[in-house]
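The sequence and the model are shown first, and the description follows.

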Amino acid sequence: MQALASPSRVRLLACLSASPCSVGDLVTAVELEQSAVSHHLRTLRELGVVVGRRRGRRVIYALHDNHIRTLLDEAVGHVQPDAAQDAERRPAVAESDTDTGRYLTVTYIIAEPCIDVKDKSCIDVCPVDCIHEVNRMLVIDPEECIDCGACEPECPVEAIFPEDALPDKWEPFVNINYAYPDGDAINGLVDSYATEHDVQNTPPAA
Ligand code: SF4
Ligand code: SF4
């Protein structure tokens with residue numbers, strides 16, 4: 001019920017009920033910013049409503065099971081027809097995208113200690129090159145991260161955490177990492193955070 005309390009999430013779920021989708025497909029279908037779609041998908045994953053399966057370089061999302069579909073059908077029957085229209089706009093997804101893949105349970109997040117430090121030790125160990133530099137820090141692309149954990153011990157300032165172990169005080173960095181690949185959005189979020197929290201990190205001595 002918490003998942004269905006958001007009209008945007010209902011629209012996303014209606015699309016996923018029709019067929020599995022990538023984030024890009026959902027952005028096209030529901031006409032929301034990618035960062036917003038990623039945020040809602042994270043919430044839906046945490047609530048056990050959707051699952052993501054890696055398929056090559058893409059992650060394909062789907063409803064967790066048919067029980068969810070039944071609940072959704074009941075709920076959508078009582079809301080506006082936007083959801084049905086969204087499903088019609090959604091690009092077709094190849095049948096092969098529903099093949100067995102690896103379920104996603106968590107991704108990694110880079111947090112405040114990386115701001116203005118950026119020594120990049122983490123980049124070299126990432127097997128899928130999913131760590132990216134923006135103006136004042138590095139972020140992890142949540143769609144590409146394979147949750148291997150190789151980067152976490154490499155960080156000299158302990159900035160990298162599994163998403164489900166991120167300290168509460170650094171929750172804003174979930175949105176910051178999930179905003180990838182929108183560099184301008186990330187830079188704006190980081191600047192706002194650093195100003196608000198008076199971040200004054202200094203790089204470790206060489
Ligand atoms: S190792 Fe840590 S501080 Fe260095 S770039 Fe990566 S996350 Fe940032
Ligand atoms: S957990 Fe693995 S895949 Fe994800 S960012 Fe770190 S090194 Fe890369």
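## Overview

Helices and strands are here DSSP runs, numbered from the N terminus, with at least four residues (H or I) for a helix and at least two (E) for a strand. The model described is a predicted one.

Under that definition, the chain contains 8 helices and 7 strands. The chain has 206 residues, of which 34% count as buried. When contacts between residues at least 6 apart in sequence are considered, 71% of them join residues at least 24 apart.

## The antiparallel sheet

Strands of a sheet pair through backbone hydrogen bonds, in either a parallel or an antiparallel sense. In this chain, an open sheet is formed by 3 strands in the order 1-3-2, with antiparallel pairing. Strand 1 and strand 2 stand at the edges with a single partner strand each, so one side of each has no neighbour in the sheet.

Strand 1 (residues 21–22) and strand 3 (residues 58–63) run antiparallel and are joined by 2 bridges. Within this pairing, Tyr61 of strand 3 stands opposite Cys21. Strand 2 (residues 50–55) is paired with strand 3 over 6 bridges, also in the antiparallel sense. Arg54 stands opposite Val59 of strand 3, and Arg55 has Arg58 of strand 3 as its bridge partner.

## Helix 2

Helix 2 covers residues 23–30, and its buried residues are Asp25, Leu26, Ala29 and Val30. These residues lie on the same side of helix 2, because they cover an arc of only 105 degrees around the axis. After helix 2 comes Glu31, which has a positive phi near 55 degrees.

## Nonpolar cores

The largest nonpolar core is made of 28 residues, and Ile110, Cys114, Met137, Val139, Ile140 and Ile186 are those with the most contacts inside it. Two or more residues are given to this core by each of strand 4 (108–110), strand 6, helix 7 (172–178) and helix 8 (183–196).

Ile186 may be taken as an example from the largest core. Apart from neighbours within four places in sequence, Ile186 is in contact with Val134, Val139, Ile176, Ala179 and Tyr180.

## The surroundings of Leu138

Is Leu138 buried or exposed? A residue is buried if 20 or more other C-beta atoms lie within 10 Å of its own. Leu138 has 23 C-beta neighbours inside 10 Å and therefore counts as buried.

Leu138 belongs to strand 6 (residues 138–140). Residues up to four places away in sequence being set aside, Leu138 touches Ile110, Cys114, Lys118, Lys120, Cys122, Ile131, His132 and Glu133. Leu138 and Ala111 are 27 residues apart in sequence, and their C-alpha atoms are 8.8 Å apart in space.

## The two ligand shells

Which residues come nearest to ligand 1? Of the 14 residues around this ligand, they are Cys114, Asp119, Ser121, Cys122 and Cys155. The shell of ligand 1 comprises 9 nonpolar, 1 polar and 4 charged residues.

Around ligand 2 there are 14 residues, and those that come nearest are Cys126, Cys145, Cys148, Ala150 and Cys151. The shell of ligand 2 divides into 12 nonpolar residues, 1 polar and 1 charged.

## Backbone features in loops

Asp116 is not a glycine, yet its phi is positive, at about 65 degrees. Asp116 is placed in the loop between strand 4 and helix 6 (121–125). With 15 C-beta neighbours inside 10 Å, Asp116 counts as partly exposed. Asp129, likewise not a glycine, has a positive phi of about 50 degrees. Asp129 is found in the loop between helix 6 and strand 5 (131–133), and with 9 C-beta neighbours inside 10 Å it counts as exposed.

Where is Pro181 found? Pro181 lies in the loop between helix 7 and helix 8. The peptide bond that leads from Tyr180 to Pro181 is cis, with omega near 15 degrees.

Terms used: Residues are numbered from 1 along each chain as its sequence is written. Chains are lettered from A and ligands numbered from 1 in the order in which they are written. This is a predicted model: local features need pLDDT of at least 70, side-chain atom pairs count only at pLDDT 80 or more; totals for chains, interfaces and linings use all residues. A residue is near a molecule or strand if its C-beta atom, placed from the backbone, lies within 6 Å of it. Ala, Val, Leu, Ile, Met, Phe, Trp, Tyr, Cys and Pro count as nonpolar, Asp, Glu, Lys and Arg as charged, and the others, Gly among them, as polar. A residue is buried if 20 or more other C-beta atoms lie within 10 Å of its own, exposed if 12 or fewer, and partly exposed in between; C-beta atoms are placed from the backbone. Two residues are in contact if their C-beta atoms, placed from the backbone, lie within 7 Å. The arc is that of the directions from the helix axis to the C-beta atoms. A nonpolar core is a set of buried Ala, Val, Leu, Ile, Met, Phe, Trp, Tyr and Cys residues joined through C-beta atoms within 7 Å. Two strands pair if DSSP finds at least two bridges between them.
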